[in-house]
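Here are a few exercises to work through with the model open. Try each one before you read on.

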Amino acid sequence: MDSYLRRVFMLVLLTPLMHLVSSDLRGLGYVFIPDAETWEEANQCCRTCYSGLLTINGADYEANLDDEGWIGLNRTDGSWTWINGEPLDNLQWHKDEPKDEEDCAMWKYGSLKSEQCSSSKSFYCADQKLVLISEEKTWEEALQHCRDLRSPSHDMWYDLVTLEMHKDKTFAMEEAQKAATDEVWTGLRYLSSRWFWVGDGDKAIRHALPACPDQNNLCGAVSKTRRLQTRNCMERKNFFCQRRECD
Ligand SMILES: *[C@@H]1O[C@H](CO)[C@@H](O)[C@H](O)[C@H]1NC(C)=O
């Protein structure tokens, strides 16, 4: 191959890789969608491309939410509950809120306001790429679990997480503190004489890994104190699924 062709070839090969490298697992954690929808439609829309309507319990999003829109909070059986099942704790309702006849919540004036679920509003979706699954599974069961999370429309799919960038490994380690197991499976796997990320088979691995691993240590996990280590694939651990982009 002459040098010009080789250069073009490399560019074609590298372009998708650079795109992937520039995406960041932590992200903002949410996206604002300006379209006007009812609460239920908004939640459906968020579930198609994101992780449902945004829930803001315990997170420090509030200061950053400048727009007004639905969030993932409604009144179910008489009590206000986040759609992830958590009860409402100490978030502030706006003055004279909530109203008796209004069962869905929006973010407005830097606080919570109730509204009729059937009114049309802009909305906030949770945009979490890294999802900790608190079930204890072997590496292969975990992979299957992530892949089964695929949305019916196939716009969105999941895989065990790829942790190539240093900041993604650090973020995963922070998130691993919430796990019930000391280690959490990632998509790192040794098969057919090489290490690879199951969700990004072509991505070069920069992490130093044993070239001839012990047969009992062929799967990669992140722990609460260390970034990546190789473990026995049959051990049961919590695991990280990674949400992949809608087109
Ligand atoms: C509240 O949200 C739940 C889903 O978390 C849903 O099943 C229920 O219908 C919603 N209630 C209202 C009043 O929209």
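**Exercise 1: the overall fold**

Solution: Next, the secondary structure: 4 helices and 13 strands, taken as DSSP runs (H or I, at least four residues; E, at least two) numbered from the N terminus.

Keep in mind that this is a predicted model, where local features need pLDDT of at least 70 and side-chain atom pairs count only at pLDDT 80 or more, while totals for chains, interfaces and linings use all residues. Residues are numbered from 1 along each chain as its sequence is written.

**Exercise 2: confidence**

Task: find where pLDDT stays under 50.

Solution: Start with the mean pLDDT (the predictor's confidence in each residue, from 0 to 100), which is 85 for the protein chain. Then look at residues 7-22: pLDDT stays under 50 there, and the model has 5 contacts beyond four places in sequence for them.

**Exercise 3: one face of α2**

Task: say which residues of α2 are buried, and why they line one face.

Solution: Buried means 20 or more other C-beta atoms, placed from the backbone, within 10 Å of a residue's own. In α2 that picks out Trp39, Ala42, Asn43 and Cys46. Down the axis of α2, the directions to the C-beta atoms of its buried residues fall within an arc of 100°, so they line one face of the helix. Finally, their cover includes β1 (30-37), β2, β4 (104-108) and β6 (121-126).

Terms used:
Buried ≥ 20, exposed ≤ 12 C-beta atoms within 10 Å, placed from the backbone. Contact = placed C-beta atoms within 7 Å.
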